[in-house]
Amino acid sequence: MSRVGKKPVPVPSGVTATVDGQMVKMKGSKGELSFLVPDEVSVALENGAVTVTPRDESKAARAKWGLSRAQVANLVQGVSNGFEKRLEINGVGYKAAVAGKVLKLSLGYSHDIDFEIPAGITITTPKPTEVIVAGIDKQKVGQTAAEIREYRGPEPYKGKGVKYADEFIFRKEGKKK
């Protein structure tokens with residue numbers, strides 16, 4: 001039994017949910033999102049909450065049950081509050097700045113990196129060493145943050161590079177004389 005899948009997803013006030021066959025659509029103050037539920041799972045809108053149930057007891061149905069419920073919950077949170085990922089930049093001369101639809105990164109290479117900001121994502125830099133990636137689609141926000149981090153991941157000796165704000169870097173000891 002899926003512990004996540006059993007719980008119905010409550011639809012808060014200000015969010016309108018529609019279930020049309022296998023398509024779940026959410027509309028809220030931040031925008032509109034939709035999710036196509038897999039065929040192994042059935043979805044229904046009952047008294048202000050979206051319930052997800054498996055169609056049979058197969059392994060695939062049980063696996064997609066919790067996944068589908070989590071996706072629907074992410075839709076609700078995305079259209080009502082949105083998602084954000086914070087990145088920190090550590091290193092001498094490492095910095096970031098937003099110029100229009102481009103994030104300019106100086107990460108110790110011989111050239112600056114111009115990162116095109118995808119549609120539906122907003123990137124802000126309150127400080128030159130802090131980047132905030134925000135949007136309504138959790139997957140897009142996480143993917144964008146991961147792509148920015150990939151340009152110069154944190155290294156274990158001095159901790160230089162781009163890391164998530166809540167990430168812990170295991171430090172290694174350098175060479176000994």
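Let me start with a term: a residue is buried when its relative accessible area is under 20%, exposed when it is over 50%, and partly exposed in between, using a 1.4 Å probe and protein chains only. Ala146, in helix α3, has a relative accessible area of 30%, so Ala146 is partly exposed.

Before we go on, two notes on the model. It is predicted, so local features need pLDDT of at least 70 and side-chain atom pairs count only at pLDDT 80 or more, while totals for chains, interfaces and linings use all residues. Residues are numbered from 1 along each chain as its sequence is written, and side-chain values use heavy atoms, with hydrogens and water left out.

One more term, since I have just named a helix. Helices (H or I, at least four residues) and strands (E, at least two) are DSSP runs, numbered from the N terminus.

Let's stay with Ala146 for a moment. Ala146 and Glu173 are 27 residues apart in sequence, and their C-alpha atoms are 27 Å apart in space.

Now to helix α2, which covers residues 59-80. How far apart are the end C-alpha atoms of α2? They are 33 Å apart, which agrees with the 32 Å that its 22 residues should span at 1.5 Å a residue. That expected span is 1.5 Å times one less than the number of residues.

Which residues of α2 are buried? They are Ala61, Trp65, Gly66, Ser68, Arg69, Val72, Leu75, Val76, Gly78 and Val79. As you look at that list, here is a handy rule: an α-helix has 3.6 residues a turn, so residues three or four places apart point the same way.

Lys64 lies in α2, and at a relative accessible area of 28% Lys64 is partly exposed. Ala73 is also placed in α2, and its 22% relative accessibility makes Ala73 count as partly exposed. Ala73 is 38 residues from Phe35 in sequence, with 11 Å between their C-alpha atoms. After the helix comes Gly82, with a positive phi near 85°.

Lys64 also leads us to another part of the chain. Lys64 and Met23 are 41 residues apart in sequence, and 15 Å apart from C-alpha to C-alpha. Met23 sits in strand β3, residues 23-27, and is partly exposed, with a relative accessible area of 26%. From Met23 to Val43 there are 20 residues in sequence, but 8.7 Å in space between the C-alpha atoms.

Next, the largest pocket. On a 1 Å grid over the protein atoms alone, a cavity is a set of points where a 1.4 Å probe fits but cannot get out; a pocket is an open set with protein on both sides within 12 Å along at least five of seven lines, and lining residues have an atom within 4 Å of a point. The largest pocket has a volume of about 190 Å³, where volume means the space filled by probe spheres set on the grid points, which are joined across faces, edges and corners. Its lining includes Phe35, Leu75, Phe83 and Lys138. The elements that give two or more residues to this lining are β4 (32-36), α2 (59-80) and α3 (138-150).

Let's turn to rings. Rings of Phe, Tyr and Trp (its six-membered ring) pair if their centres lie within 6.5 Å; planes under 30 degrees apart are stacked, over 60 edge-to-face, and the rest tilted. How many aromatic pairs does the structure hold? It holds two. In one, Phe115 and Tyr151 have ring centres 6.2 Å apart and planes at 80°, so the pair is edge-to-face. This pair links distant parts of the chain, 36 residues apart: Phe115 is in strand β10 (residues 113-116), and Tyr151 is in the loop between α3 and β13 (161-164). Phe115 is buried at 5% relative accessibility, whereas Tyr151 is partly exposed at 31%. Phe168 and Phe170 also form an edge-to-face pair, with 5.2 Å from centre to centre and 90° between the planes. Are these two buried or exposed? Both Phe168 and Phe170 are exposed.

Rings can have charges over them too: NZ of Lys or CZ of Arg must be within 6 Å of the ring centre and within 35 degrees of the ring normal. Lys85 has its charged end over the ring of Tyr164, 5.1 Å from the centre. Arg152 lies over the face of Tyr109, 4.2 Å from the ring centre.
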